[in-house]
Amino acid sequence: MKNVMIYNKIDDKPRWSNEELFNSFKAQIDNSLSRGWKKDDIIIGTNFNFEYRGITNYLLSDICKTNPFCNKFYGMLELMQKGILDDDFWFHDQDAWQLHDDLDFPIFSGEIGGCTYVFTPEWNTCSMFIKKSSINIIRYIVEFMEMNSNHKVDSDENWIAYLRRNTQISKY
């Protein structure tokens, strides 16, 4: 299993200062290494250069500029297509932390495992388990986001909720 974080900076939609962003990546790397992850299993995809403790980012070129939150799916697809993500993986945002040493890829039907929020049926996409065989589902999600880029949504979670309610993707 790989440990994956993706973040693309969008100049006109900044969320973090460079210092905050780099410090969160550094803290995540320190935490991951202390939890037993191997350096080669920590994958960081970004549209800027980053290196810390021997872990270097993979430079991403397919960037969603209309909604920065969608970049996690764009980045997953790009890294899968390039063969960098060739194993099952745990995707998580920089603010989702592994708290225990024993994180194993769960057994579940379908291709993508996630959890809903407590009070809504929408998935919280800050932490998901993605099977290596899910590339067509990830591609479908990204193509859907691209085809609907003119439609305003708050985040990727709105698109995932829509797809789970209105398409066959829910069985995956």
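Which residue takes a positive phi just after α2? In this predicted model, that residue is G83, with a phi of about 80°. The buried set runs through N71, K72, F73, Y74, G75, M76, L77, E78, L79 and M80.

Buried here are I137, I138, I141, V142, F144 and M145. These residues cover an arc of only 160° around the axis, which puts them on the same side of α3. On the other side of the helix, N136 and M147 are exposed. The partners against which the buried residues of α3 pack are α2, β7 (112-116), β8 (123-130) and α4 (156-166).

Strand β2 comes next. All 5 of the 5 residues in this strand (42-46) are buried, so β2 is largely enclosed by the rest of the structure. In a regular strand, side chains alternate between the two faces of the sheet. In β2, I42, I44 and T46 point one way, while I43 and G45 point the other way.

The neighbours of β2 complete the view. Strand β1 (residues 2-7) pairs with β2 in the parallel sense over 5 bridges, and M5 has I44 as its bridge partner. Together with helix α1 (residues 18-34), β1 and β2 make a right-handed β-α-β unit. Strand β5 (residues 58-59) also pairs with β2 in the parallel sense, over 2 bridges, and here Y58 stands opposite G45.

How values were computed:
Residues are numbered from 1 along each chain as its sequence is written. This is a predicted model: local features need pLDDT of at least 70, side-chain atom pairs count only at pLDDT 80 or more; totals for chains, interfaces and linings use all residues. Side-chain values use heavy atoms; hydrogens and water are left out. Buried means under 20% relative accessible area, exposed over 50%, partly exposed in between (1.4 Å probe, protein chains only). Helices (H or I, at least four residues) and strands (E, at least two) are DSSP runs, numbered from the N terminus. The arc is that of the directions from the helix axis to the C-beta atoms. Contact means heavy atoms within 4.5 Å. Two strands pair if DSSP finds at least two bridges between them. A crossover is right-handed if, with the strands pointing away from the viewer, the path from the first strand over the helix to the second runs clockwise.
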